[in-house]
Amino acid sequence: MHVEVRHLDKHFGQFHAVQDVSFSIAKGHLIGLLGPSGGGKTSILRMLAGLETPGSGEIIFHGKTVNHLPPQEREIGFVFQNYALFKHMTVFDNIAFGLKVKKIRKEAMRDRVRELVELTGLSGFEHRYPHQLSGGQRQRVAFARALAPEPQLLLLDEPFAAIDAKIRQELRTWLRELIERVGITSIFVTHDQDEAIEVADEIMIINGGRLEQKGTPWDIYKQPSTPFVASFIGESTIIEEIGQLKGFDHHGITASARALIRPEYIEIGPAHEFRLLSATETGTVKHMHFRGSQWMVEVEVGTNRLITYRSLEKDTLEVGQDVQVLVHRAYLFNDDESWIAENA
Ligand code: ATP
């Protein structure tokens, strides 16, 4: 279903946990709520679910305000990190639970459970109990149970947080495909940026109770609207005044702006590799770390440490060596604006 939230606001005592948050979600989209701990992600999710009452603002499903509906009337499915399965029930009965509550006929119920068992790759496990399953399998049962009553909105709060890295990676791809097949509008809370980038159609960055930015992962990476967003998504170096770098030092106000530089916009190498020497700085290699396919290189330029990557044989650069540094592009910020500057 189509979800709309207008000016959602919530205090817990004096604490302003959610501050004037508005957004809408197209039917069938998977949205990642991403941000640091305590930012207000779970509070937003709980208000959508009807588990928490908004201080003010409107929650609109299918064009109708649902603020006054109890959770069971909101057509919502949940999967929470520790939303435990019923321990004394088999996989089959766990999945059937929501259908029994709805008093669905036995045969229809059996068909629906079978459909979900297949959809979530649990065939053959129907008669096992939760303690006879792996963490990943249990979480798949939780998804099947949430989807069984055909909810219109699926709310996921850190569903993979308790699962180890390798399986978590597989479950992300699995979830992406599952949501695409079912076509259900879903909201996914995580504090893991890789997870959000990989899984979500769109990301909302939540910080200090506010929605800082909403967009596709690529848009947010490419055009962060605040320094917080820029530093939260992807790697970067912050420079207090861009005018400290050659190529950006003669643009009026621009020269005094704060800048954020992504590793891919920094080129480094020995002097003979560069033709545009007028726009390059001289820097010193301070650290090199091997990161799998590439080396991360930290270069000191004046008082700044720039981070970039190079695919190279280690012995073509070494710690302590002087190199030329060319910054091609930077995101600039002042108090109320952000813009992009290219090297002159
Ligand atoms: P996390 O990733 O740690 O779960 P979050 O972004 O989901 O964080 P919330 O759980 O929404 O953040 O919490 C936002 C803030 O509101 C926190 O500072 C939290 O302590 C506070 N808070 C949440 N629920 C309550 C409550 N029932 N009473 C008082 N304060 C609360």
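**Close-up views of a predicted model**

**View 1. The hairpin of β1 and β2.** H11 faces H16, a residue of β2, across the strand pair. The model shown here and in the other views is a predicted one. Strand β1 covers residues 3-12, and its pairing with β2 is antiparallel, with seven bridges. Two residues lie between the strands of this hairpin, and G13 has a positive phi near 60 degrees.

**View 2. The open sheet β2-β1-β4-β5.** This sheet is built from four strands, paired in the antiparallel sense. Its edges are β2 and β5 (64-65); each has a single partner strand, so one side of each has no neighbour in the sheet. In general, the strands of a sheet are paired through backbone hydrogen bonds, in a parallel or an antiparallel way.

**View 3. Strands β4 and β5 with the loop between them.** Strand β4 (residues 56-61) and β5 run antiparallel and are joined by two bridges. Across this pair, I60 is opposite T65 of β5. The loop between β4 and β5 contains H62. H62 is not a glycine, yet its phi is positive, at about 50 degrees.

**View 4. The residues around the ligand.** The shell around the ligand consists of F12, F15, A17, G35, S37, G38, G39, G40, K41, T42, S43 and H191. Which elements supply at least two residues of this shell each? They are β2 (15-25) and α1 (41-49). The largest share, three residues, is that of α1.

**View 5. The open sheet β6-β7-β8-β3-β9-β10.** Six strands make up this open sheet, and their pairing is mixed. At its edges are β6 (76-80) and β10 (210-215), each of which pairs on one side only. On average, and with direction ignored, neighbouring strands in this sheet are turned by 15 degrees against each other.

**View 6. The parallel pair β3 and β8.** Strand β3 consists of residues 30-34 and strand β8 of residues 185-190. The two run parallel, and five bridges join them. One of the residues to look for is L33, which has V189 in β8 as its bridge partner.

**View 7. Helix α3 and its two sides.** Helix α3 is formed by residues 106-119, 14 residues in total. From its first C-alpha to its last it reaches 20 Å, close to the 20 Å expected at 1.5 Å a residue. Which residues of α3 are buried? They are V113, L116 and V117. These residues lie on the same side of α3, because the arc they cover around the axis is only 105 degrees. The buried residues of α3 pack against α2 (91-101) and α4 (135-147). E107, A108, D111 and E118 are exposed on the other side of α3.

View 8. K103 has 7 other C-beta atoms within 10 Å, so it is exposed.

**View 9. D194 in helix α6.** Helix α6 spans residues 193-199 and includes D194. D194 counts as exposed because it has 11 C-beta neighbours inside 10 Å. Q169 is 25 residues from D194 along the chain, and the C-alpha atoms of the two are 9.9 Å apart.

**View 10. The whole chain, for orientation.** The chain contains eight helices and 19 strands. Taken along the principal axes, the box filled by its C-alpha atoms is roughly 80 × 45 × 30 Å. Of the 344 residues in the chain, 35% are buried. Among contacts between residues at least 6 apart in sequence, 63% join residues at least 24 apart.

Definitions and conventions. Residues are numbered from 1 along each chain as its sequence is written. This is a predicted model: local features need pLDDT of at least 70, side-chain atom pairs count only at pLDDT 80 or more; totals for chains, interfaces and linings use all residues. The expected span of a helix is 1.5 Å times one less than its number of residues. A residue is buried if 20 or more other C-beta atoms lie within 10 Å of its own, exposed if 12 or fewer, and partly exposed in between; C-beta atoms are placed from the backbone. The arc is that of the directions from the helix axis to the C-beta atoms. Two residues are in contact if their C-beta atoms, placed from the backbone, lie within 7 Å. Two strands pair if DSSP finds at least two bridges between them. Axes are lines fitted to C-alpha atoms, for helices over the stretch in contact, and angles run from 0 to 180 degrees between N-to-C directions. A residue is near a molecule or strand if its C-beta atom, placed from the backbone, lies within 6 Å of it.
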